[in-house]
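Here is a walk through part of a structure. Keep the sequence and the 3D view side by side.

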Amino acid sequence: MSREYGRLRAKAKDGGISVRALIRHPMETGSRKDPATDTAIPRHYIQEVVCEHNGEVVLSLDWGWGVSANPYLAFHIQQGQTGDVVLIRWIDDRGETGSLEAKVA
Amino acid sequence: MQRRHLLEIGFSAIPLATLGLGALLPTRARSAVTPHAWPESAFHAEAVDAAIADLFGDRAAEDSMRITLTAPDIAENGRVVPVEVETDLPGVETMTILCDGNPYPLLARAHVTPAVAPRVSIRVKMGQSSNLIALVEAEGKLYRATRAVKVTAGGCGG
């Protein structure tokens, strides 16, 4: 998947799928100041994340600006096998979307 | 005078909703990715109790040893604190994480389906040494676990 959105690894494990994602996003709280200009960097953060396995939603998350920048997300799909498709998509507070997709290895 | 084409006027001059084109607007409410509404007021609550009440009403949470809340005892960088919430409670619906020392305590909420193990790992910001609070909704009941984390370099305001 496009490196500009991050990385997604999905591995068959224990009859299921171990999923680890690193999403590229600044996740700004709105409290940080740009040291060069001494002005606040505007709040900008992912709000909703949806995780799909072979097209079915298996997990969804509501995030706030308290989630770290370039957010990490890991979870385990109970049943799955190599070749399955895992997709993670998100939308941020500006309506900007992104997604990562991977075949289970 | 030539009549300007609608498209040349610029979107800011015409509220699209009034043209019946509201469905095209990338507004938050319409383009929601999840079937649940993003809990805006809970994320904006500035006190833990207010955030919890906003999400769960006046339901009491039972402290539970069946929730495993994993986080470092000492976080060197408060901007990136790894947290894992896991439980063996059956019928998990949601798992929520808050930090009682943050200006806005609610960090994240996961909506779990039976297709995934009730276990999620993320990384969060902690502004100061304080407590992480995990709230798990399972079979209609609310359960809670807490973990103190010392933060040596705070992570909310930079």
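Which residue in β9(B) is the bridge partner of B:Ile74? The partner is B:Lys150. This is a predicted model: local features need pLDDT of at least 70, side-chain atom pairs count only at pLDDT 80 or more, and totals for chains, interfaces and linings use all residues. Residues are numbered from 1 along each chain as its sequence is written, while chains are lettered from A and ligands numbered from 1 in the order in which they are written.

Start with the strands (DSSP runs of E, at least two residues, numbered from the N terminus). Pairing of two strands requires at least two DSSP bridges between them. Strand β9 of chain B spans residues 141-151. Strand β3(B), residues 74-75, runs parallel to β9(B) and is joined to it by 2 bridges. Strand β1(B), residues 62-63, is also parallel to β9(B), again with 2 bridges. There, B:Asp63 stands opposite B:Arg144.

Strand β8(B), residues 130-138, is antiparallel to β9(B), with 9 bridges. One pair is B:Glu137 with B:Leu142.

Now turn to a helix (a DSSP run of H or I, at least four residues). In α3(B), residues 48-56, B:Ala51, B:Ile52 and B:Leu55 are buried. Buried means 20 or more other C-beta atoms within 10 Å of the residue's own, with C-beta atoms placed from the backbone. Seen down the helix axis, the buried residues of α3(B) fall within an arc of 95°, so they line one face. The arc is taken over directions from the axis to the C-beta atoms. These residues pack against α2, β5, β6 and β8 of chain B; contact means C-beta atoms, placed from the backbone, within 7 Å. After α3(B) comes B:Gly57, with a positive phi near 70°.

How values were computed:
Buried ≥ 20, exposed ≤ 12 C-beta atoms within 10 Å, placed from the backbone. Contact = placed C-beta atoms within 7 Å.
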